[in-house]
Amino acid sequence: FLVEAHRFMDRQVVTTADRQTLQTASFYGREKKPLPYLLGVMNAVLHGIEAPQLVRGNTLAIDVRAIGEKQRRHVILTNPPFGGTENVDAIKSNFPFVSSATSILFIQHIMAMLRQDGRAGTVIDEGVLFKSNERAYAETKKDLLENFNLYAIVSLPAGVFANAVANGTGPKTNLLFFDHRGPTQAIWYYEVHAVGFSLTRTQRPIAENDLPDCLAQWRQYDAWRRTPATERPAEPPLNARWQVLPAALDRALRGS
């Protein structure tokens with residue numbers, strides 16, 4: 001995520017001040033395990049991030065209630081661990097909605113780390129969206145919908161992360177995109193069936209890839225939603241691959 005973000009932003013550098021900001025005050029990350037941390041730092045340096053602000057530590061050990069505005073970020077991109085559990089009570093107490101499931105704790109952390117004008121994109125396992133048998137899930141999603149603007153969900157097929165699990169296809173996942181300008185009014189939902197590689201451990205390249213179409217369709221819808229209501233068509237540009245989900249999905253996410 002950091003390397004690709006750097007590659008995109010590097011093309012926009014104009015002045016030496018831009019370069020200084022890009023290199024020293026743009027990229028921050030945290031990794032719990034020593035080897036991925038080392039690889040992350042090395043990868044960042046090899047791809048042109050000369051001073052990566054990466055630290056080693058458990059992200060969930062940060063008390064979200066103690067996060068100040070100076071610590072918050074404009075943009076958060078993350079792929080937190082799927083299906084993990086946190087059994088240390090002292091760490092679980094860092095969150096208003098206590099759970100052993102790391103996925104729901106990470107969502108709370110991301111929300112707490114987002115500036116008022118910030119935006120986030122994250123990969124989560126699908127269970128986070130629709131599981132409601134635990135108070136932490138329902139309360140976290142209620143907070144997300146009422147205080148943040150969850151404007152897009154991209155559903156990925158099972159198998160995208162097959163190469164990261166010991167066996168099987170791995171969890172079915174979703175991409176969530178939200179900002180801090182809530183509450184949520186409508187959610188753009190796109191279901192991806194193919195991603196340009198086989199949904200197996202080998203991940204061999206294939207021709208079918210819905211992601212370029214997803215991006216193109218989002219840009220059309222985003223242009224429509226940003227146009228003043230008096231100047232745009234009453235309905236967004238229609239497409240069979242996506243839909244806009246208002247209150248009905250909200251109720252499902254809330255667990256009601």
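How many cavities of 30 Å³ or more does a search of the whole structure find? In this predicted model, the search finds 1 such cavity. Rolling a probe the size of a water molecule over the atoms shows where empty space is left. In the largest cavity, that space comes to about 30 Å³. Its lining is made up of Ile107, Ile124, Val128, Leu129, Lys141, Leu144 and Leu176. Two elements, α6 (127-130) and α7 (135-147), each give two or more residues to this lining. Sorted by class, the lining of the largest cavity holds 6 nonpolar residues and 1 charged residue, with no polar ones.

Attention now turns to the surface. Here Leu35, Leu38, Leu39, Met42 and Leu46 form a nonpolar patch, and together these residues have about 530 Å² of accessible area. One of them, leucine 35, is found in helix α3 (residues 34-46). Is leucine 35 buried or exposed? Leucine 35 counts as exposed because its relative accessibility is 53%, and the cut-off for exposed is over 50%.

Note on methods. Residues numbered from 1 in each chain as written. Predicted model: local features only at pLDDT ≥ 70, side-chain atom pairs only at ≥ 80, totals over all residues. Heavy atoms only, no water. 1 Å grid on protein atoms, 1.4 Å probe; cavity = no way out; pocket = protein on both sides within 12 Å on 5 of 7 lines; lining within 4 Å. Points joined across faces, edges and corners; volume = space filled by probe spheres on them. Helix = DSSP H or I, 4+ residues; strand = E, 2+ residues; numbered from the N terminus. Nonpolar A, V, L, I, M, F, W, Y, C, P; charged D, E, K, R; others polar. Patch = residues over 30% accessible without salt bridge, like charges linked within 9 Å, V, L, I, M, F, W, Y side chains within 5 Å. Areas by Shrake-Rupley, 256 points an atom, 1.4 Å probe, with all protein chains shown as cover. Salt bridge = Lys/Arg side-chain N within 4 Å of Asp/Glu carboxyl O. Buried < 20%, exposed > 50% of the residue type's maximum accessible area, 1.4 Å probe, protein only.
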